[in-house]
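Okay, thanks for coming, everyone. Let me put something up on the screen and then we'll walk through it together.

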Amino acid sequence: MNFDFGMTKGAKEAGKVLTAGIHNATFKGISGDTINGKDGKSYKVMSLMLDIDGYGEFKHNFFEPTSKDRTASMFGENPSQLEHFMIAVRIILDALDSGIGERIDNGDIKFSGTFVQMVSAVKKLTTPYIDKEVQIKLLPQNNGFAAIP
């Protein structure tokens, strides 16, 4: 077999792969967006933007909850969509500054309202932390990719 590295001219990396695990990242902000689905409907989302070391820009969308009702499974009650969203927001806030969570618990920070109002409040609370180093946990998904749990 004859090797000729001239064959590699113009070769490029096939693409970025984000693996499951804990990654170092830089927080890049929160935004409120609207996504158009394949079904033709529009969905409101809160977008979390990160720059993950060794990967680059990463955006995770948290969809507006459509239900506050819990569902039952063979393992017991499952949290509602609203509860999932609120816990995700709390985890983001605590990751940026545990003091925010303490101030929420103490009643020093109070915010409630519609989804758009909540996203606006989260954006305002997190803006001072843009470019802060954080760690993000990604889990394998059934589609073969890794994502925020």
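This is a predicted model: local features need pLDDT of at least 70, side-chain atom pairs count only at pLDDT 80 or more; totals for chains, interfaces and linings use all residues.

Now, which residues of H1 are buried? Those are Phe85, Ala88, Val89, Ile92, Leu93 and Leu96. If you look down the axis of H1, these buried residues fall within an arc of 135°, so they line one face of the helix. Over on the other side of H1, you'll find His84, Ile87 and Ile91 exposed.

And what covers that buried face? Strands E1 (21-36), E2 (42-52), E3 (56-63) and E6 (133-140) are part of the cover, and so are helices H2 (98-106) and H3 (115-126).

In soluble globular proteins, nonpolar side chains tend to be buried together. Here, the largest nonpolar core has 28 residues. The ones with the most contacts inside that core are Ile30, Met46, Leu48, Leu50, Ile52 and Leu138. Two or more core residues come from each of E1, E2, E3, H1, H3 and E6. Which element gives the largest share? That's H1, with six residues.

Next, helix H2. Gly99, Ile100 and Gly101 are its buried residues, and the buried residues of H2 pack against H1 and H3. Have a look at the start of H2: a side-chain oxygen of aspartate 97 comes to within 2.8 Å of the backbone nitrogen of glycine 99. After H2 comes glycine 107, with a positive phi, near 85°.

Last stop: threonine 26, over in strand E1. Is threonine 26 buried or exposed? Its relative accessibility is 12%, so threonine 26 counts as buried. Leaving out residues up to four places away in sequence, threonine 26 touches Met49, Leu50 and Asp51, and also Asp131, Lys132 and Glu133.

Key
Residues are numbered from 1 along each chain as its sequence is written. Side-chain values use heavy atoms; hydrogens and water are left out. Buried means under 20% relative accessible area, exposed over 50%, partly exposed in between (1.4 Å probe, protein chains only). Helices (H or I, at least four residues) and strands (E, at least two) are DSSP runs, numbered from the N terminus. The arc is that of the directions from the helix axis to the C-beta atoms. Contact means heavy atoms within 4.5 Å. A nonpolar core is a set of buried Ala, Val, Leu, Ile, Met, Phe, Trp, Tyr and Cys residues joined through side-chain atoms within 4.5 Å. A polar contact is a pair of N or O atoms within 3.5 Å; within protein, one must be able to donate a hydrogen and the other to accept it, and residues adjacent in sequence count only if both atoms are side-chain atoms.
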